[in-house]
Structure formats: structure tokens, C-alpha cells
2 protein chains.
Amino acid sequence: MSGSLDFTPRILMGPGPSNVDARVLQAMALPSISHLDPGFIEIMERIKTMLREVMMTTNELTIPVSGTGSAGMEAALCNLIEPRDRCVVCVNGVFGSRMADVCSRYGGEVVTVSASWGQPIDPDDVREALEGGPTKLVAIVHAETSTGVLQPLEDISHMTHEAGGLLVVDCVTSLGGHPVKVDEWGIDACYSGTQKCLSIPPGLAPLSFSPAAVAALESRTTKVANWYLDMSMVREYWGEDRTYHHTAPVNALYGFHEGLRLILAEGLEARWVRHQANHELLVAGLAEMGLEILPAPGYRLWSLNTVRIPEGADDVRVRKRLLNEYDIEIGGGLGELKGKVWRVGLMGASSTRNNVNALLGALKTILR
Amino acid sequence: MSGSLDFTPRILMGPGPSNVDARVLQAMALPSISHLDPGFIEIMERIKTMLREVMMTTNELTIPVSGTGSAGMEAALCNLIEPRDRCVVCVNGVFGSRMADVCSRYGGEVVTVSASWGQPIDPDDVREALEGGPTKLVAIVHAETSTGVLQPLEDISHMTHEAGGLLVVDCVTSLGGHPVKVDEWGIDACYSGTQKCLSIPPGLAPLSFSPAAVAALESRTTKVANWYLDMSMVREYWGEDRTYHHTAPVNALYGFHEGLRLILAEGLEARWVRHQANHELLVAGLAEMGLEILPAPGYRLWSLNTVRIPEGADDVRVRKRLLNEYDIEIGGGLGELKGKVWRVGLMGASSTRNNVNALLGALKTILR
């Protein structure tokens, strides 16, 4: 048994991972040092500072969780929910449903607010749900990777706080590609993944807790029902005391450090402009071919484009040809959109004019 | 804000991480591809095959968990425990205590079997605990990283199964350095970390479930109270269906693949012999300096040596001098052994004659 790692590199235009800058990859290949080494502690400190800038927050508790984006979701929820807490969960795609599942596993009493897949959540429906009883938190997806919908958050944030609740936001597919203004928008718990618009390999989940979320954590009457993700301990590890909790994924964090550095060197606003421009280039090119985007204008993600599969096109065959003949990966539909849409990611380093043109050219040939 | 990654590389002889072969580091720097790419699926298949060989098991459910060793501990326990299950947890160091904490968070009724720190667990004490009532599982640490104790497992395995329980074993600090015979010893759930004797950067947790453990998982009457680590879903992702659960940490798995390949190329037995020989070289050299190992002969880990700090030596100062003047990392004591022992790791690529001699030479100068 051996086998070398001789796979074919691809242009990654699926729902993640996105392509990774060679400097991030090379950072991950630096020699491992101890997670207790003074040199590594300095890296952790710089990571916290840079991550706060990327998440547009001054929240002290802003760290990468040692797991993928899904672990970030679980970390955000398990630390805030105690048994019988009322949780209003907004569901208009796979990741909203997942939040509801996670909340219920921690004993939350889940009230769902739904919208059709491809539509944003209506703030009035959230208001109505909040009127149903004292609510611990409202959980909502900013960028639904399964539908390509961008969710406006400010109204919902306002009414959640008026009702005394905490706002938990999934920004897995928006952070680093779209504005995610944690402080300005009043997000209490915000999590993301690295392998989308941050263009860092999968394995870490940026997480930020507002002072109100930290206060909820500190005033729990029960232990967090998850040891690995218990932020009351993890934050001591990332804090000044450096109390041992688990061994940080050292090399992944080298890559994270370098990835954050590259993002800030480009500038957040320049990055948003780039993501928007390439999205528009794609949409225009698809329109010329008669192809449509699922969400309505104004609610479309720049980072993840759900394209209606045209009549007569064979979903799987088209994707296989893109992969095998062009080394381009796009995603298929998830859940109830399976077979109905393609998911074209334009995230981070994958969001380039050349990639858009390459995909449009390939699709023209294949769909001809 | 920027800052380059200009830390000082070290000889890693602490409790982990250990030094990593450059080939593993380079594998991690290969281009990311999608976790759904046929090329990546092949890598996942080879990983499962190689990991079974390293864990000496034919267990179908043998995978790396997408988190550090602590996530492996939690995955082993949360999938098997349902509320009010009786759990016999053996505690003779930090990691046994941690297992007890994790069990209780999942609603287990924890019965602890204790031994002094530096002593192994007495099988008779486990037998007595098993007689106290129907027991779902016995949890025990094979290689206590906090004390350097190697725990014999075969008697305890036998009595656990006679009592109808499952045996859960922490082999974080033994796998790849000591024999860990999952099938032969009848271990039902075995987990490890990558950054110890496997010499792969931290971030993944090898995990294997026996058919009996899988049966317990399948016959649960409650959902696993942890979404991210729910093996009923994770195994579908790693299985033939490839049902999406979370995005695998692609680049970490490249490194894992290469690390496993190197281990099997060296050969498990050759690796054990090397770990034992370098341990003996260290112990003999320390003895010449009048330094003692905490556990009694026969119960000493080859991979992690707890050295009693001699009278008059300043714990922190000695470690700082080793780090700053020699670029050698060793660990301090944890918990009740803080200030009383040093922890010298000889794990994986760090277990070499040259490293032992370098440390002995440095200690001779510093302690003179």
C-alpha cells in the first residue's frame, strides 16, 4: 500500500474549497513548532488582531475554531443554548435546516421561520416569531450556500435585540467576499469557514462573540454540552492565561495567518468590489447564453451563483465534462435543488475574470 | 498589520507536537482540490486502508476525525453514551479526568476508578467497578501524556467484555510509537492524535469503532448530542454514499496520507523498536546524571518520559534555557505534577539518537 498524491489540480468554482494562493500553501509547509512556543503565541496574537479586522469587530473573543465551518456553527450554538431555550431559526436552505438540527440537539426549543429556497427570509416573519415568547436567540444564514441567497440582516438584528435575544449569523460563504460588519450590524455570534471567500484550505472556523454573547456564556447555569467547543475554556487558551485546552492545529494556523495577511493587503473593500465585478461578469455572460440565476437581483450572492439548469441539459454530464475536459469544478444542487441548479462559486482567489471567461467558454461549447 | 512567519524552528521533545518530516509538510502544500473530486475520494480511500493497518484493525469505521485529538476523545464518547448510561472511567492523570468530564456532559453516570499519578490502573479496581451495575463502557488512557504511564489493556478489555461493556481507549501518545493492537486487544473505540508518534501536524484525530461500537451507535434511542462529531453521519460521508456532512480538511489530509505512507514504509515493528531504543538511551543517560523517571519500569512510555526535577533545579529556567540556547523544547508538568517533572517526548520523527544525545548534552551543561 502506498500511492502518491498525484491528483489533478483544478480551477475551483464550486461551493468550496476555493483555490488557495501559493503563499498560503507554502506557509502551511513551514516546520511545526509547539503550540506553547513563544513564537507561536505571537502568531496567535497576530491572528486574533487580523481576524478582528476581517470580521469588522472589536470583539475580544474572535478566534479560529479548530474545526471546519460546521464546527463553527456548532460552537456558536452550543455555547449559547441551554436546555429549553427558545431558538428562532430561519430556514431557507440546507444550512438553516442544519442550524435547527444543531439547536435541537442542545435542548433548544426550535421555532422555525421559513422561506422558499431561493428567497430571503422576510423580517416580518421573524418579528412574528419573536412575539411568540421570550427568545434566547435568532439564528440566520447570511449567505445560503445551497441557494445563493444573500440575506439582509440589519432589520432582523434590530428586532432581535429589541426582543432581548442574541443574533447568531452564519457567514460561511460571505466573509471575505461580501461585507460582513459584525459590530455595525449587531451580530452577537458570527462564524465562517476558511475555504470559501477567505481562500484558505478547509479546517478552521472563524468565530466572533459579542460582549452580550460572552455574558450569556458566563451566566450559563449548565456546563456547555460539548467539551471540544466549550468557549469558556477555549477562550482561556486563546487568552492571556494560555490555559491548556487542546493542541492548536499549528500548520493550519500558519496558513490562516498568511491568508488573513493577504486579504488585508488587498483590502476588504477592494475584495468586495472584485467579487461583485466578477459575479456581474458571470451573470451577464450566462444571460447571453439564456441562463438564469435563481435568486432575484438584490438578493444574489457574489460568491455563490445558483444557475438554473436549462431544459435538455444533463446536470451530471455537464459537470463531469467541465471537470474532465477543462479541469473546472462547479457544484451540483443540494437538497430540493438537486438536479435543478448548478452552483458556481466565485470565492477568494477563485474570483477572477479569467476564471469567469474560462467557465463561460467551456459552457458554451458543452451546452451547444 | 502584517508580520511574517519568522519564528525559530525547534527540536520538538515536548509532549507534542513532534517534528514533522519535510515530505509531510510538502504534501500539505499541494494545491487544494474539492473534497468531492474523484482524485480526493481516492485519497480518502487510501487513507482508510493505511489507517487500518497502522491501527491494526479491520474495522470498517476507521477514519481521521476533522479535529485534534481532543475531538477524537469527544467523538469516541459522545457517539456511544446516551443519558444515564453507566460509564466506568479510569483516572490516573489529566486525560482520564478529561474523559470523565466529557462523559458527564453527555449525561453518562460516571464511576471513576483511580490510581495515583505515575501509577497504572489496577485491573482489580476496574473489576470491582464493573460489579457495581450494568456498564455501557469502560474508558481508559493507554498512554497518559501527563504522567508517562503505559497502561496494560488486555485484562481490562477481557473483563469489560465479560460484563457486556465497550472498551474505549485513548491512544493519543502511543499510536505509531508503541504497539496499539485494536483488534487483538478487543478495543471497541480507539482514538489518537496526529501530532505525537505519527509525526503529522496537529488537527486530525484517528478514530476506529469496532462492530460492537457501531452496533451501539446504530441502536441509539436518542440523536448523538453533537452534530459535528455524529459518526452516524460522518461515516456516510467517508463511506460509499459520500453523503455530504462537512467539508473535509483537504490539505491536512494530504499530510495525513503522506505521514501514514512514511510510517508503513518504515514498518510498525521497526518503529516500535526505534522508540524503545531511544527511550532506553535517554533513561540510561539521565540515570548517569542522577535523574529518575517517574513511572516504574514496565509501565514507562517510550514516547513520553516524565523526569523527576532534581533538587535545586529551577523548572521554568531550565526549560527556557533549553529553548533559547539550544532550540530544544521539552514540556513542564501538568496538573498535580506541575513543577515536579519534565516531560520529554520522543515521538515519531523526534525519536532519534541524535536528539537524545543533544538533549543529554544540553542538560549536562545547564544542570552543572
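Is the crossing of α2(A) and α9(A) left-handed or right-handed?

1. The crossing of α2(A) and α9(A) is left-handed, that is, the near helix is turned anticlockwise from the far one by less than a right angle. Helices here are DSSP runs (H or I, at least four residues), numbered from the N terminus.

2. This is a predicted model, in which local features need pLDDT of at least 70, side-chain atom pairs count only at pLDDT 80 or more, and totals for chains, interfaces and linings use all residues. Residues are numbered from 1 along each chain as its sequence is written, with chains lettered from A and ligands numbered from 1 in the order in which they are written.

3. In chain A, the axes of α2 (residues 38-54) and α9 (residues 250-266) come within 9 Å and cross at roughly 40°; axes are lines fitted to C-alpha atoms over the stretch in contact, with angles from 0 to 180 degrees between N-to-C directions.

4. Chain B can be laid on chain A with an RMSD of 0.0 Å by a turn of 180° and a shift of 0.0 Å along the axis, superposed by least squares on C-alpha atoms of residues with pLDDT of at least 70 in both. That is the relation of a two-fold axis.

5. Chain B and chain A each give 64 residues to their contact (C-beta atoms, placed from the backbone, within 7 Å). On the side of chain B, α9(B) has the largest share, eight residues. Of the interface residues of chain B, 100% are also interface residues in chain A, so the copies meet through the same surface.

Terms used: Two residues are in contact if their C-beta atoms, placed from the backbone, lie within 7 Å. Helices (H or I, at least four residues) and strands (E, at least two) are DSSP runs, numbered from the N terminus.
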